[in-house]
Amino acid sequence: MTRTEDWSGLESAPRWIIMATGTYLLLGLFALYVWSTAEPALSIQAPSGGAEGLSVVGMAVAQAWLCLLAFRCFEPGAPLRRAWFLMMLSAAAHVAGGLLGQASETAWLLNPLLASARIGQLHRAALILAGPVQMALLAAGLLAALRVLGKFGFRARPKAIGWAAAGIVILFALYRCGEAAAGSGIFLVRDAILCVLVLEALLLWQSAACMGRGPVAKCWRAFALGIFFTGFGEAALWAIARYFPGWPVAALEWYVWFPAAAFFALAPAHLVAAVRSATGRVTSPSDELPVRAFTPALPAR
Amino acid sequence: MHPETATLVAFSDAELAPGRSQRIARHLQNCSKCQAALECISKEKRDFSALADGLPPAAGVPRGLAAVLQAIAGWRQAAAPELRSRARAQIEIYFGCGAASMLERPDIRADELLAKTLALMAAFLGQDAAEAAVEDILRGLDCAALTAEVSP
């Protein structure tokens, strides 16, 4: 089967995302190594965390764009169109919340928002957008996707280890809800939605396992991994703040969210790459099709 | 650019997606060649339907139509394994071996497998990708030779 060259480069989007994530994490490890070895001799200032936050927002922008492309692959009324629309909105909420959060947190003298009396409200809006809103939209989108997967028979009972992992995350979320520090409404809702997302991720993982190793399976597997990494990130941040507050372990905070964001971007990237691959094939001349035999008297083109 | 014959057949059967169907309809308004092709397709479909209903063939229909139908049946039988193998390959490429095994029951007919492949790909990759994949499956499976063998 012959394929045309994909000049737009979207077929290689998954590879680019994996490469960017690998480079980012390697550079982070290298910086951490340099810091830990040079710190006794030199005074090195810790970054504010803004660079890490922006890189996650950058990956969310890529996710939103790829979700838009995936959404446009489906005709109106297609069952997965609604799912991709919700996931696109989820990514957009992540971008909006991330940008608003960065703008309201940046302690730069020329930042006009710092002087604003509504900075607290803006920060809260950013937390809501990038937290419960983004996660709720994602959960709704994945639920729609799970329905379609189930309709086509891609449904399997999760294994005991999957239930155990989901149970641990849910217990952790419940425990954290009980803590005074996490008692604010935003975090309560966020943790509750995270529990739903983890269960969905478990089902998605099993559905993808039923399919095999094609790009469609990889797409849903990437969503599941993104959710697992989000849960892991929440647990890691909690553990670091509680048990390992000092360096260098605390530096892991910078790199916890990027892999999760990368997996969320990787999911639509796999789908878009698969669609490009399918539609990018060389179209056959009509006289090769079997219908030609039914229409021998057709005028020549 | 003129639509392919397969696309015109799908258009006349109202099997195209709404957006694509509208594009073809707009093109047909301005293209006499494609109008003639569509008319030809419609006429032949009517003739086939008449034959299937046991009615006498319309005037001008080749006398070897029954032989052509026989050839088509022969082609279906001959091409079925290849069609099945290609459909399975497409599912494996985009979904994986598990999906292919789940879809390809031992008793499934080749055309049924093709329809399921189309439905699966349309659901998960969109209509355009599904149509492209089906075109890929059908490419080269020509029954012209078989038709020639049995024609009077």
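**View 1. The outward face of helix 5 of chain A in the predicted model.**

**View 2. The buried side of helix 5 of chain A.** Ala166(A), Val169(A) and Ala173(A) are the buried residues shown here. Because they cover an arc of only 60° around the axis, they lie on the same side of helix 5 of chain A. The packing partners of the buried residues of this helix are helix 6 (185-211) and helix 7 (215-243) of chain A.

**View 3. The loop around Ala14(B).** In chain B, Ala14(B) sits in the loop that joins helix 1 (5-12) to helix 2 (18-30). Ala14(B) has a positive phi of about 55°, although it is not a glycine. Most residues other than glycine have a negative phi. Ala14(B) has 7 C-beta neighbours inside 10 Å and therefore counts as exposed, the cut-off for exposed being 12 or fewer.

**View 4. The helices of chain B.** Chain B contains eight helices and zero strands, giving the pattern α-α-α-α-α-α-α-α along the sequence. Of the 152 residues in chain B, 34% are buried. Among contacts in chain B with a separation of 6 or more, 61% are between residues 24 or more positions apart.

Notes. Residues are numbered from 1 along each chain as its sequence is written. Chains are lettered from A and ligands numbered from 1 in the order in which they are written. This is a predicted model: local features need pLDDT of at least 70, side-chain atom pairs count only at pLDDT 80 or more; totals for chains, interfaces and linings use all residues. A residue is buried if 20 or more other C-beta atoms lie within 10 Å of its own, exposed if 12 or fewer, and partly exposed in between; C-beta atoms are placed from the backbone. Helices (H or I, at least four residues) and strands (E, at least two) are DSSP runs, numbered from the N terminus. The arc is that of the directions from the helix axis to the C-beta atoms. Two residues are in contact if their C-beta atoms, placed from the backbone, lie within 7 Å.
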